[in-house]
Amino acid sequence: MSISHDPSRYRAFLLTMWEERSRDGGLPPVWRFRLEDPRTGQQRGFASLDALVDTLKQVIGDNDEK
């Protein structure tokens, strides 16, 4: 398997994830996610793992069309 470093086929993100807990402990903790593009500084926040994965799938799909 070869790795392509063609800029149109290569993306790097910084992933930050953290657990949020309710103050009174009445709700189960939830994970939050943030992706940052180090080239542009653009950040996107996600309230669920599913939303994060959907966005990554879109990024891959956008690259497949090029």
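**Salt bridges, sheet and surface**

In this predicted model, R11, D37 and R39 are joined in a network of salt bridges.

Me: Which residue pairs with R11 in a salt bridge, and how far apart are the closest N and O atoms?

Reply: Side chains of opposite charge can pair when their charged atoms come close. The salt bridge of R11 is formed with D37, and the closest N and O atoms are 3.4 Å apart.

Me: How many residues apart in sequence are the parts that R11 and D37 tie together?

Reply: R11 belongs to the segment before β1, whereas D37 belongs to the loop between β2 and β3. The pair therefore ties together parts whose separation in sequence is 26 residues.

Me: Is D37 buried or exposed?

Reply: A residue counts as buried when its relative accessible area is under 20%. The relative accessibility of D37 is 6%, so D37 is buried.

Me: How many salt bridges does the count come to?

Reply: The rule asks for a side-chain nitrogen of Lys or Arg within 4 Å of a carboxyl oxygen of Asp or Glu. One of the pairs is E20 with R32, whose closest N and O atoms are 3.2 Å apart. The count comes to four.

Me: In which strands do E20 and R32 lie?

Reply: E20 is partly exposed at a relative accessible area of 35%, and R32 is partly exposed at 24%. The pair links distant parts of the chain, 12 residues apart, with E20 in strand β1 and R32 in strand β2.

Me: Which strands stand at the edges of the sheet, and why is one side of each left without a neighbour?

Reply: The sheet is open and has three strands in the order β1-β2-β3, with antiparallel pairing. Each edge strand has a single partner strand, so one of its sides has no neighbour in the sheet. The twist from one strand to the next averages 20 degrees. The edge strands are β1 (14-20) and β3 (43-46).

Me: Which residue in β3 stands opposite E36?

Reply: Strand β2, residues 30-36, pairs with β3 in the antiparallel sense over four bridges. The residue in β3 opposite E36 is Q43.

Me: What accessible area do L15, M17 and W31 have together?

Reply: W31 is found in strand β2 and counts as partly exposed at 42% relative accessibility. With L15 and M17, W31 forms a nonpolar patch on the surface. Together the three have an accessible area of about 310 Å².

Me: With which residues is T55 in contact, leaving aside its neighbours within four places in sequence?

Reply: T55 is found in helix α1, residues 49-64. At 11% relative accessibility, T55 counts as buried. Apart from neighbours within four places in sequence, T55 is in contact with R44 and F46.

Methods:
Residues numbered from 1 in each chain as written. Predicted model: local features only at pLDDT ≥ 70, side-chain atom pairs only at ≥ 80, totals over all residues. Heavy atoms only, no water. Pairing = 2+ DSSP bridges. Helix = DSSP H or I, 4+ residues; strand = E, 2+ residues; numbered from the N terminus. Axes fitted to C-alpha atoms, helices over the stretch in contact; angles between N-to-C directions. Buried < 20%, exposed > 50% of the residue type's maximum accessible area, 1.4 Å probe, protein only. Patch = residues over 30% accessible without salt bridge, like charges linked within 9 Å, V, L, I, M, F, W, Y side chains within 5 Å. Areas by Shrake-Rupley, 256 points an atom, 1.4 Å probe, with all protein chains shown as cover. Contact = heavy atoms within 4.5 Å.
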